[in-house]
Amino acid sequence: MTSTTSPSSENIQPQLRSVRLSDAEALCAIFNMPGFRSGTLRMPFEMVEQVERRIAKSGQETTWIVAEVEGRVVGHGSLVVQGSPRRSHIGEINMGLDDAFVGKGIGSAILGALLDVADNWRALKRVELTVYADNEPAMRLYKSHGFEVEGRHVKAGFTDGQYHDLLSMARLRF
């Protein structure tokens, strides 16, 4: 969730809903934005067909939502429950926003909705995510929702021609 735009103090209340196959083009456009891409481990120039396949392959273990503002998809988030019976109490979160909508409260709305599913519908005890160590806005968001840094993966991510540290963060509810 890194952005090249400066955050605004204006909060926007998005409409949240489950992802649809018809969202693939809008999501692909977001995934290819420079700020979005630099804050993730995704490759550039993702194709709509790749996003369509990911949406179509999503199963019961995945809760994938999008955020809309005035009918436009401006962000997404997913919660994927681990498949192994011994790890079925764990979910992993991935999320991101349109570069122009960072810092407007939309990420917090997406994360809050995913954590509600984790807590009140899936009874998960541990929710994990990975973030670039220099992505301060994203780390502030995650910490504000109870996530803590558990570890550092030195030079584990590569973006913009450089290696960067990644942080493992988790929120526990035991």
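H1 and H3 meet in a right-handed crossing. Before going further, keep in mind that this is a predicted model. Two packed helices are described by the angle between their axes and the distance between the axes. Here, the angle between H1 and H3 is about 115°, and their axes lie 9 Å apart.

Which residues make the contact between H1 and H3? From H1 come Ala24, Glu25, Leu27, Cys28 and Phe31, while H3 brings in Val48, Val51, Glu52, Arg54 and Ile55. Sort the residues of this contact by class and you get 7 nonpolar, no polar and 3 charged.

## The buried side of H1

Now take a look at H1 on its own, which covers residues 24–31. Its buried residues are Ala24, Leu27, Cys28, Ile30 and Phe31. Why do they sit on the same side of H1? Their arc around the axis is only 160°, and that places them on the same side of the helix.

What do these buried residues pack against? Two helices are on the list, H2 (34–38) and H3 (48–57). Three strands are there too: S2 (62–69), S3 (72–81) and S4 (90–97).

Leu21 belongs to the loop between S1 and H1. With a relative accessibility of 48%, Leu21 counts as partly exposed, because the exposed label needs over 50%.

Follow the chain and you'll find Arg53 32 residues away from Leu21, yet the C-alpha atoms of the two are separated by 8.8 Å. Leaving aside residues up to four places away in sequence, Leu21 touches Glu52 and Ile55.

Time for the strands. Strands of a sheet pair through backbone hydrogen bonds, either parallel or antiparallel. This structure has an open sheet of 7 strands with mixed pairing, and the order is S1-S2-S3-S4-S5-S7-S6. Which strands stand at the edges? They are S1 (15–18) and S6 (148–159), and each has a single partner strand, so one side of each is left without a neighbour in the sheet. On average, neighbouring strands of the sheet are turned by 25° against each other, direction ignored.

One helix lies across part of this sheet. H5, made of residues 136–144, lies across S4, S5 (126–132), S6 and S7 (162–172). Relative to S5, H5 runs at about 165°.

## S3 and its two partners

Strand S3 is worth a stop. How many of its 10 residues are buried? The count is 8, so S3 is largely enclosed by the rest of the structure.

S3 pairs with S2 in the antiparallel sense, over 8 bridges. Within this pair, Trp64 has Ser78 of S3 as its bridge partner. S3 also pairs with S4, again in the antiparallel sense, over 7 bridges. To trace that pairing, find Leu79, which stands opposite Ile93 in S4. Then find Gly75, whose bridge partner in S4 is Leu97.

## Hairpins and positive phi values

Some backbone angles deserve a look as well. The hairpin of S2 and S3 has 2 residues between the strands. Glu70 is in the loop between them, and its phi is near 50°, a positive value in a residue other than glycine. Is Glu70 buried or exposed? Its relative accessibility is 83%, so Glu70 counts as exposed.

At the other end of the sheet order, S6 and S7 run antiparallel and are joined by 8 bridges. Gly151 stands opposite Ser168 in S7. The hairpin of S6 and S7 has 2 residues between the strands, and Asp160 in this hairpin takes a positive phi near 50°.

Finally, go to the loop between H4 (106–120) and S5, where you'll find Ala123. Ala123 is not a glycine, but its phi is positive, near 55°. Its relative accessibility is 54%, so Ala123 counts as exposed.

Definitions and conventions: Residues numbered from 1 in each chain as written. Predicted model: local features only at pLDDT ≥ 70, side-chain atom pairs only at ≥ 80, totals over all residues. Heavy atoms only, no water. Buried < 20%, exposed > 50% of the residue type's maximum accessible area, 1.4 Å probe, protein only. Helix = DSSP H or I, 4+ residues; strand = E, 2+ residues; numbered from the N terminus. Arc of directions from axis to C-beta. Contact = heavy atoms within 4.5 Å. Pairing = 2+ DSSP bridges. Axes fitted to C-alpha atoms, helices over the stretch in contact; angles between N-to-C directions. Left-handed = near helix turned anticlockwise from the far one by under 90°. Nonpolar A, V, L, I, M, F, W, Y, C, P; charged D, E, K, R; others polar.
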